[in-house]
Amino acid sequence: MIDFKKQKLEFVYTQPILKYYNRQALHLLQDSSIALDNVKKTNKHEKLLEESVANTCKNCCPLEIFNSHKPSACDHLSTDLEDLFDPDESGIPKTVVLQGPAGIGKSTTVQKIMLDWANGQLYPDSFDYVFCIRCRELNFTEKATSLAELIVEQCQDRDAPVEEILAYPEKLLFIIDGFDELSHFLESEGNLCEKPNLKVPLESILNSLLRKILLPESFLLITTRPGALERLQDCLKCPRFREIVGFSEKSRREFFYKFFEEEKKANIALRFIENTVAVSTICFIPMVCWIICSVIKIELETEDEIAGTLDTTTKVFLQFSHILLKHDNPRWRTSPQNEFRKLCSLARAGIMEQKVLFEEQDLKEHCLDVSALKDLFLEKRAFKTGLGRRSLYSFFHLCFQEFFAAMWYILPAESTKEVDHILGDLHRVLVEWEKPDNQHFALTVRFIFGLTNEKTHIFFEQTLQCKTSDLVKPLLLQKAEEVAAKELDQQHYFLLNFFHCLFESQEPEFAKRVMHHFQIIDLSFNTLSVLDCKVLAFCLQNSTIEDHSLILNTCRLKSHHIKALQPTTKKTYKDQ
């Protein structure tokens with residue numbers, strides 16, 4: 001008798017769709033081992049990346065998870081993975097939403113949940129079967145299918161006991177990973193299905209599961225970035241919201257010791273982080289923390305001191321790209337600007353179309369099929385289509401795609417016509433960026449602001465050997481003034497995102513031109529990170545007025561948050 005419950009999980013973890021970062025993060029975050037022998041890197045920078053993979057760890061570096069969307073301070077408590085589906089005054093939740101910003105560890109958390117469930121350490125008596133639907137894959141699935149067929153495909157066996165699986169829907173957990181990566185909106189009506197054997201488009205299966213039309217007794221766990229919460233909420237019935245806020249200071253230290261393995265190197269890296277406030281404030285994001293560790297590890301092998309150039313997220317990504325390029329075949333250096341234009345063109349097209357998986361034809365359209373950078377920044381994987389497979393490419397992480405998409409706008413144009421095209425395109429992106437349903441532009445726009453800084457231009461040209469354009473900054477400044485002049489919804493996610501853009505630019509002029517529009521800033525009931533506090537401090541410090549009121553009710557501020565806000569003590573803020 002085949003144990004389909006365990007066989008299905010083995011399939012989930014051996015399919016090459018897993019990203020490199022998630023593979024490494026699992027090594028560093030999980031509390032039990034996983035075999036990854038059949039997942040190999042073939043890129044030229046394999047040695048550099050593989051050397052960064054720490055040995056499998058027996059202990060966990062937990063991410064902090066908080067209750068969210070609650071009306072009172074007492075409800076803003078931390079929670080554990082095993083408590084996600086615990087009953088409350090409303091009963092047992094059938095739908096749980098895990099939200100968090102880019103790179104915070106949502107997909108890694110999903111993989112850990114599945115791994116721990118398969119090992120009998122998590123929800124052992126709650127779920128007999130767990131299935132994961134990755135939203136990025138839905139964008140490449142065109143044929144009609146049924147939920148029953150989808151289950152057979154995930155079990156990788158035509159004899160999977162589908163009837164037995166579906167007979168007890170209350171013992172099923174469906175994980176919807178990356179709702180924000182859907183390239184299309186889910187219609188509220190039409191093409192919904194109640195029967196698991198009915199063939200419909202895959203997006204209809206997802207829509208029906210979300211709305212509890214299909215298998216209403218089953219459980220759902222959904223991950224998303226905050227920008228997509230509004231449209232997600234329209235699809236859900238009585239959801240419970242939880243927020244991943246990244247590493248605590250204790251977990252971050254544990255991560256460093258596991259990453260470096262040598263205590264001496266870990267201590268040097270930690271001292272650098274703790275003495276560099278700008279770096280310390282962004283190290284709560286696991287993805288950024290991993291990049292910073294990778295950069296530091298390489299620099300420790302070649303220099304006695306660590307370069308203090310990692311003061312913004314933009315510079316962290318620039319420096320990491322530089323590290324990879326230093327260890328790669330020098331062929332790209334013959335025409336770096338042209339090579340990066342190809343890569344950035346692909347990234348930008350993907351962001352515009354909400355596309356994260358690319359076919360061979362996409363690479364050819366952007367002249368990347370023979371580019372020296374293809375194997376360096378893109379990862380090739382086999383994608384199952386029915387009984388066959390197709391080769392698809394993606395950036396290591398969506399954050400990298402957003403970074404290179406932003407770079408497309410600051411590379412100098414080769415003609416006046418191209419200048420007009422770039423600026424026109426940027427104007428359209430900034431218009432879309434303001435709309436609540438288009439927050440998939442948020443990080444790309446933030447990187448664009450970061451790449452327009454004069455010091456960043458110098459750093460960019462030195463590390464990547466590419467010239468930069470000065471035409472984007474005036475357009476961003478104009479747009480920032482237009483946005484600030486409007487009456488922004490103080491509770492909206494966009495407001496804090498807007499302040500992050502000002503901070504990422506590191507241009508005091510931006511804040512001086514716009515902050516007088518924000519005399520009262522109410523960010524109550526938001527989970528603020530130390531970086532958020534640092535962002536607010538930068539914006540208020542560079543304001544031309546003194547009488548700001550910063551209202552931070554139920555924001556879970558601790559001493560290190562208050563310390564980050566200290567430069568604004570001459571302003572007024574409330575925290576209850």
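Predicted model: local features only at pLDDT ≥ 70, side-chain atom pairs only at ≥ 80, totals over all residues.
1. Contact here means heavy atoms within 4.5 Å. Leaving out residues up to four places away in sequence, Lys-212 touches Lys-94, Thr-95, Ser-218, Phe-219, Leu-220 and Lys-237. Lys-212 sits in the loop between helix H8 (202-210) and strand E6 (219-224). Its relative accessibility is 11%, so Lys-212 counts as buried. As for Lys-237, it lies 25 residues from Lys-212 in sequence, with the two C-alpha atoms 7.1 Å apart.

2. Another charged residue to look at is Arg-341, which belongs to helix H15 (residues 336-353). Arg-341 counts as buried because its relative accessibility is 12%. Once neighbours within four places in sequence are set aside, the contacts of Arg-341 are Trp-408, Leu-411, Pro-412, Glu-414 and Glu-418.

3. Now the overall picture. The protein has 576 residues, and 60% of them are buried. DSSP runs give 26 helices and 12 strands. Take the contacts with a separation of 6 or more: 77% of these join residues 24 or more positions apart.

4. On to the cores. Nonpolar side chains tend to be buried together in soluble globular proteins. The largest nonpolar core here holds 142 residues, and the members touching the most others are Phe-340, Phe-404, Met-407, Phe-498 and Phe-499. Which residues does Phe-499 touch, not counting those up to four places away in sequence? They are Met-515, Phe-518, Ile-521, Val-535, Leu-536 and Cys-539. There is also a second, separate core of 37 residues, with Ala-160, Leu-166, Leu-210 and Leu-232 among them.

5. Have a look at H14 against H21 too. The axes of helix H14 (residues 313-326) and helix H21 (residues 454-464) come within 10 Å and cross at roughly 10°. Angles under 35 degrees count as roughly parallel, so H14 is roughly parallel to H21. H14 brings Thr-314, Lys-315, Leu-318, Gln-319, Ser-321, His-322 and Leu-325 to the contact, while H21 supplies Lys-455, Thr-456, Phe-459, Phe-460, Thr-463 and Leu-464. Sorted by class, that contact has five nonpolar, six polar and two charged residues.

6. Last, helix H22 (residues 472-485). From first C-alpha to last, its 14 residues reach 20 Å, close to the 20 Å expected at 1.5 Å a residue. The buried residues in H22 are Val-472, Leu-475, Leu-476, Leu-477, Lys-479, Ala-480, Val-483 and Ala-484.

Methods: Residues numbered from 1 in each chain as written. Heavy atoms only, no water. Axes fitted to C-alpha atoms, helices over the stretch in contact; angles between N-to-C directions. Helix = DSSP H or I, 4+ residues; strand = E, 2+ residues; numbered from the N terminus. Parallel < 35°, antiparallel > 145°, perpendicular 65-115°, else oblique. Core = buried A, V, L, I, M, F, W, Y, C linked by side-chain atoms within 4.5 Å. Buried < 20%, exposed > 50% of the residue type's maximum accessible area, 1.4 Å probe, protein only. Expected span 1.5 Å × (residues − 1).
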